[in-house]
Amino acid sequence: MKRLLLSMAAMPLILGGLSMDANAEDGFNILSDVKFSGEIRPRYEYADIKDNAKDAANAFTARTSLGINAKLLEVEGLSAYLEGTSVNNFGYDNYNSTANAKTQYDIIVDPQQARMTQAYIDYKLDKTLVRAGRQDVNIDNQRFIGTVNWRQMKQTYDAITVVDHSIENLSLLGAYVYGYQSVKDLPTTDTASVLLHASYKVMDELTVTAYDYMLASISDTYGVALTGNINVDDAKLTYRAEYAKQTDPSLEYQIKNVKADAQYYNLDLGANISGVLAGVNYESLGKAQGSATRGFWTPLATLHAFNGWADVFLGSTNNAGLNDANARLGYTEKGFGKLLAVYHKFDAQTGSNKDLGSEIDVMYSNAVFGIKNLKGLVKYAGYFKGDTGNDKDVAWLMLDYTFATK
């Protein structure tokens with residue numbers, strides 16, 4: 001059943017591409033209004049974990065994606081999308097990709113691989129969309145569910161998703177996920193998980209969001225978030241106040257009797273004052289409680305966006321909990337691009353080694369002058385160890401070119 005849905009999503013495009021012209025002569029199109037989109041993203045990444053007896057990693061990789069979207073069978077609201085993505089290192093692989101056996105180097109998780117990243121059928125009726133097949137799923141700020149699009153190969157989901165906007169200011173999402181593909185070159189992970197999400201915009205200054213992410217044999221995560229935008233003279237303020245709780249999984253898949261018990265807090269206040277960006281954030285991933293085997297964790301999140309760009313705490317067991325107090329300062333303006341610096345201070349919630357270190361992150365991005373749809377980015381992360389661990393430096397230089405037919 002699982003693989004059948006993917007095949008169903010891909011076959012109309014494949015078969016339609018072969019027979020579209022013939023059917024058009026008969027007055028009926030399998031595919032119509034065909035549109036193409038794509039991306040070319042070359043990137044250099046450097047990673048060096050100090051004093052770990054491994055060589056620094058240097059990776060030059062490129063992501064190439066091509067997508068095809070078309071209306072299907074001339075049925076109103078019915079369409080299909082197919083997307084393939086390839087990651088290549090051009091033989092320059094002095095890094096541990098987690099798949100190339102070069103363990104003498106530090107890790108950069110961009111293995112050379114190619115896969116069908118999306119293959120789905122859409123049916124849209126008024127303000128309701130049903131999507132079946134392999135797809136991107138990004139929810140809210142991607143703290144819990146995301147595509148990890150920062151890595152060269154993104155994370156995608158085999159799912160049936162329903163999104164509804166029938167009631168004004170109310171957004172509803174429900175998804176049954178039966179598989180997902182991580183950024184690594186690994187087989188699809190089968191699951192039987194359910195994602196529920198609701199968001200209601202009371203006013204510009206207040207949106208209330210509630211969710212329950214039932215990840216089979218991992219945990220149930222349910223929570224509420226309050227967000228909003230406030231304009232005060234020349235300042236645009238944003239805020240986020242969020243609480244979530246993880247409990248034993250209500251759904252099981254292969255693994256049984258998993259224990260989960262932890263809490264999560266996220267408080268954020270940001271400001272844009274005539275292009276000057278400033279903000280403070282406090283995020284707390286709770287320690288393991290009771291009989292739980294690990295603290296609060298979000299295995300399907302876009303984790304690179306949280307707790308520092310050096311990814312020191314990526315995949316941490318988090319039994320002692322993690323508190324991340326951080327502040328950001330930057331500037332953005334059309335033509336100038338965006339400059340941003342972030343300082344993090346990390347601490348554990350319990351244990352003898354509570355100082356988990358600090359980190360400085362800096363990035364600059366801008367459109368490349370004279371070339372439409374081409375953007376450039378320079379980025380650096382420097383982590384400084386606390387009571388334990390190792391210092392770490394990571395740097396990136398990246399171009400990103402996208403295109404789409406009208």
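Begin by selecting Phe144, Ile145, Tyr213, Leu215, Ser219, Thr221, Gln246, Trp297, Thr298 and Pro299, which in this predicted model line the largest cavity. Its volume is about 50 Å³, and the count of cavities of 30 Å³ or more comes to one.

Turn next to the salt bridges, of which a search of the whole structure finds 22. Select Asp110 and Arg151, whose side chains meet in a salt bridge at 2.7 Å, N to O. Asp110 lies in the loop between β4 (93-94) and β5 (113-125) and Arg151 in the loop between β6 (128-135) and β7 (156-164), so the pair ties together parts that are 41 residues apart in sequence. Both Asp110 and Arg151 are buried.

Move on to Asp268 and Arg328, which form a salt bridge with the closest N and O atoms 2.9 Å apart; here Asp268 in strand β13 (residues 262-273) and Arg328 in strand β15 (residues 322-333) are 60 residues apart. Asp268 is buried, with a relative accessible area of 18%, whereas Arg328, at 23%, counts as partly exposed.

Finally, select Asp347 and Lys345, where the side chains meet in a salt bridge of 3.1 Å, N to O. Asp347 is partly exposed at 27% relative accessible area, and Lys345 is likewise partly exposed at 26%.

Terms used
Residues numbered from 1 in each chain as written. Predicted model: local features only at pLDDT ≥ 70, side-chain atom pairs only at ≥ 80, totals over all residues. Heavy atoms only, no water. 1 Å grid on protein atoms, 1.4 Å probe; cavity = no way out; pocket = protein on both sides within 12 Å on 5 of 7 lines; lining within 4 Å. Points joined across faces, edges and corners; volume = space filled by probe spheres on them. Salt bridge = Lys/Arg side-chain N within 4 Å of Asp/Glu carboxyl O. Helix = DSSP H or I, 4+ residues; strand = E, 2+ residues; numbered from the N terminus. Buried < 20%, exposed > 50% of the residue type's maximum accessible area, 1.4 Å probe, protein only.
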